[in-house]
Amino acid sequence: MAPAAVQDTGFGGTKSSMTTDLECPFGVLGSQLSEDDLRETAYEIFIAACRPSAGRSSLTYIPQSDKAERPEKSSPSSSSSSSLSPSIQKSLTSTAASRVKRALGLRSSKKSSYLKDGSPSRSRRPQTIGELLRLQMNVSEQTDARVRRALLRISAGQLGKRVESIVLPLELLQQFKSSDFSDAQEYQVWQKRNLLILEAGLLLHPAVPLERSDAAAQRLRQIVRGAEEKPIETGRNSEAMQALRSAVMSLACRSTDGSTPETCHWADGFPLNLWLYQMLLRSCFDSGEETAVIDEIDELMEMMKKTWALLGINQMLHNICFTWVIFQQFLMTGQTETDLLGAAENQLVEVAKDAKTVKDPLYVKVLSSTLSAIQGWAEKRLLAYHETFQSSSVGFMESVISVAVAAAKVLVDDISHEYRRKRKEEVDVARDRIDMYIRSSLRTAFAQMMEQVDSRRRSFKKQQNPPPALTILAKDIGDLARNEKEKFSPILKRWHPFAAGVAVATLHACYGRELKQFLSGVTALTPETVQVLEAADKLEKDLVQIAVEDSVDCEDGGKGVIREMPPYEVDSILADLSRTWIKERLDRLREWVDRTLQQEDWTPVANKEKYAPSAVEVLRIVEETLDAFFELPLSQHSDLLPDLVAGLDRALQRYISQTKSGCGSKNSYIPLLPALTRCSTGSKFQGVWKKKEKSSSHQKRKSQIVSMNSSEPMALSQLCVRINTLHHIRTEIEQLEKRISYGWKMDFFAKDNEKSKVPLAPIGSAPEAKFELSQAGSKEGIQQLCECTAYKVVFHDLNIVLWDGLYLGGTMGARIGPFLEQLESNLEIIADTVHTRVRTRVLTALMKACFDGFLLVLLGGGPARAFSKSDSEIIEEDFVAVKNLFKADGDGLPGELVEKAALPVTDILPLFSTNTEGLIENFRFAVCQANGLSSTKSKLPLPPTTGVWSPTEPNTLLRVLCHRNDEAATKFLKKTYGLPKRL
């Protein structure tokens, strides 16, 4: 069985993780021949090819240096090579420079192997090339002597024949008998080996193809099989030997054209010839120091050329075979010698030259298989160079790349014709291969990191919140990229101008796929998602920076590499997820606002602060939302905060709007003014009770129709709770704004902050962090509810004692007292319920409502109310009583505030003490002035009701006249406008 493989060991002499068997590229012999069988046969061929001729042994070693230095005119004693002693000859050779070693960059052995062995047979220097080869090929002296003896016999019997014209194994079989060996078993093994060589050279791998029906081939096959059971008789006259010779010579002396060749073809068939020749080439390496070549390599190789004719070898096959042997020697010696790998690379230069000129199919086949084997070995390491080449062996990587690229160039440029036809443009083989190595190795390294990331994450288990797997992976990828740039890229850049750029583009793509898969399952923004995206963003920036720096000197400035790195768009993804997160939170808040307001009953007993529990919950959710937002490790808080605050602002505004909705407004409680009438002159008490009963019933009914909404107005206490609620919301909103402005996680109320009053961590400009809608809404809502509460109390709750009671039928029996008594009880409710910070606003609104109600009774109380000039004092006294109630002897509203609010009433009260003629004249003047009339005698138009009462306003003066219990007023109104006495 032929030696089929070389065990692959890792760099540094230790077994690598990728241990494999590298098959010989020459093909399988398909025979039982062993490596020892091939080596002995190759030695026999060498000795036979160099057998003595022309009276001098060509096996005697005569160094080239000795020939060069020998003088042209020498003495008789120097005319023979024997004139120089063997030791002198060897010494001169040792100092001679070797052409082969110099060309391949190989070194000599430190000490010849034959000096290291202490056995007697190796204690002296070899005297001839033959003896040197015997030692190198580990052939015993007995075997060597037997072979030389046989060759002498063959030469004596076949004088004049060249070695190529005989079949050496056949001749050797006839020369030896069992007695020539130490025992019968040794002879049988020797005979079997020669028969197997004949079978391999003539039947299995013939130089000239065989026909299936060839009789000689069938006979030889039978003889070889029969010899396995019983050795054949090899005597000259033996029938078996004659049959063997007949079959062998018939097969060996064939040619493609049918003529009888001068050369016997028994060892020149492929791949037997290459197997035999590589056995000879291996002898160039010192058997005792396998990483070095022998000093005599030039002479030994020159002698090996004598075997070429017999083996069918030429210079091109020699070059490719020697390349493989050097590479094989590198593998067998532990892959530690860069000199051997460099020698293989140098020899590939010669192979590349041959490949450009020789297109022989057999040569191309050998070339392709050999280079593919070398390239396969190299690329197996380069496709995962991060695993193969550790820190201590990174320098060795350059030699491996050189060999791989050299092999690839020959395979692509000189062998792959089809490839060249498909690719019209020029191909940079080296760059393409390096590109492939980088991408493949980094993908492999990335896959290994992916497998390790879970165990890496478990190492963070002591942390409260261990980082996500992709966050750890991003950091590891960043470290890998920096390691690539520092260690591997400087080497790879020799063949690829932007090796680091390709590396980071590959890592960018690998991580991008994992990120995309991760994001496909992300439906909400979580701290884990943010950590992953932030880590991805940092990784991308680091990778792009490396690519840019690596591509500075490139023609396109690295644009090609950058195009391979489509951005992760982390900012956009974060923004989209953040907006989705904000929308979901706001939608839940809005739904909760609607649901909780439906359940709110606005009772003051719900809590001691007397504001709605629903407001507390709404504000709690708002604060929790902001807490969750600022807990997210976002770098874009300031960009996204305005959207979040605006959404929260709208939700709070929705709550505020629904809080004040349904409560009405002040106008919804103010009754419509009755139509203008004139008073009947005469006694005040004539039919007054009848009129009062009728008028009271009518006005009350009308008041309710106007002021009531679709349902009964809510109680005063409920309105007060709503006011408190809006005030509480407004106060809390101010605190939220301060916390945002000063840094959400900062303690705004800390003493140090109170001293400085300077924002420690501003998150955005104040307008962007303001709850503008809810601030304005709560302020407007408080005002609306205060007015609504005030006018409800005056015109709805106290309607009987004011609108349906005050001065109805006369001033003497219907004064302000009952109204003040009931008003005071309502003031107590307000004082007990409304928050102190907003109570003044409620009381102010109530005071204005009382003043408006008082004035409305005087000016729009209807025909049931009539005042004489003498009633003015009573009216003034009642109004003073109303003002004093709100002043409360200095414990109520400020006097200035009360007097200011009372001005509209105070300005009009003097009209009730003015005589009728004066009122009429003032009215005429006001109407003319308002309508641009030049004369007071002109027909006066009816002034419209503006609702703005003033002592000079025409409608105000007209209403005072309508309520004047005076003949002159009645006649004027009847004559001027025809006003009726009753509705």
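## Basis of the values

The model is predicted, with local features requiring pLDDT of at least 70 and side-chain atom pairs counting only at pLDDT 80 or more, whereas totals for chains, interfaces and linings use all residues. Residues are numbered from 1 along each chain as its sequence is written, and side-chain values use heavy atoms, with hydrogens and water left out.

## Aromatic pairs

Rings of Phe, Tyr and Trp (its six-membered ring) are taken as a pair if their centres lie within 6.5 Å, with planes under 30 degrees apart called stacked, those over 60 edge-to-face and the rest tilted. The count by this rule comes to 23 aromatic pairs. In one of them, the ring centres of Phe181 and Tyr187 are 5.4 Å apart and the planes stand at 55 degrees, so this pair is tilted.

Tyr511 and Tyr568 form another tilted pair, at 6.1 Å centre to centre and with 50 degrees between the planes. Tyr511 belongs to helix α22 (residues 499–520) and Tyr568 to the loop between α24 (559–563) and α25 (570–599), so the contact ties together parts that are 57 residues apart in sequence; helices here are DSSP runs (H or I, at least four residues), and strands (E, at least two) are likewise runs, numbered from the N terminus. Both Tyr511 and Tyr568 are buried.

## An aromatic cluster and a charge over a ring

One aromatic cluster is formed by Tyr807, Phe851, Phe854, Phe867, Phe879, Phe886 and Phe912. Arg865 lies over the face of Trp803, at 5.8 Å from the ring centre, where a charge sits over a ring if NZ of Lys or CZ of Arg is within 6 Å of the ring centre and within 35 degrees of the ring normal.

## Helix α20

Helix α20 (residues 429–458) has 30 residues, and the span from its first C-alpha to its last is 44 Å, close to the 44 Å expected at 1.5 Å a residue (1.5 Å times one less than the number of residues). At Gln452, α20 bends by about 40 degrees, the bend being the angle between axes fitted to the seven residues ending there and the seven starting there.

## Salt bridges

With a salt bridge defined as a side-chain nitrogen of Lys or Arg within 4 Å of a carboxyl oxygen of Asp or Glu, the count comes to 41 salt bridges. Arg282 and Glu35 meet in one of them, at 2.5 Å from N to O, and this pair links distant parts of the chain, with Arg282 in helix α11 (residues 272–282) and Glu35 in helix α1 (residues 35–49), 247 residues apart. Arg282 is buried, at a relative accessible area of 16%, whereas Glu35 is partly exposed at 32%.

The side chains of Glu617 and Arg620 form a salt bridge at 2.7 Å, N to O; being three residues apart in helix α26 (residues 613–631), they are separated by about one helical turn. Glu617 is partly exposed at 28%, and Arg620 is partly exposed at 36%. Glu899 and Lys883 also form a salt bridge, their closest N and O atoms being 3.3 Å apart, and this pair joins helix α36 (residues 895–908) to helix α35 (residues 872–887).

Notes:
Buried < 20%, exposed > 50% of the residue type's maximum accessible area, 1.4 Å probe, protein only.
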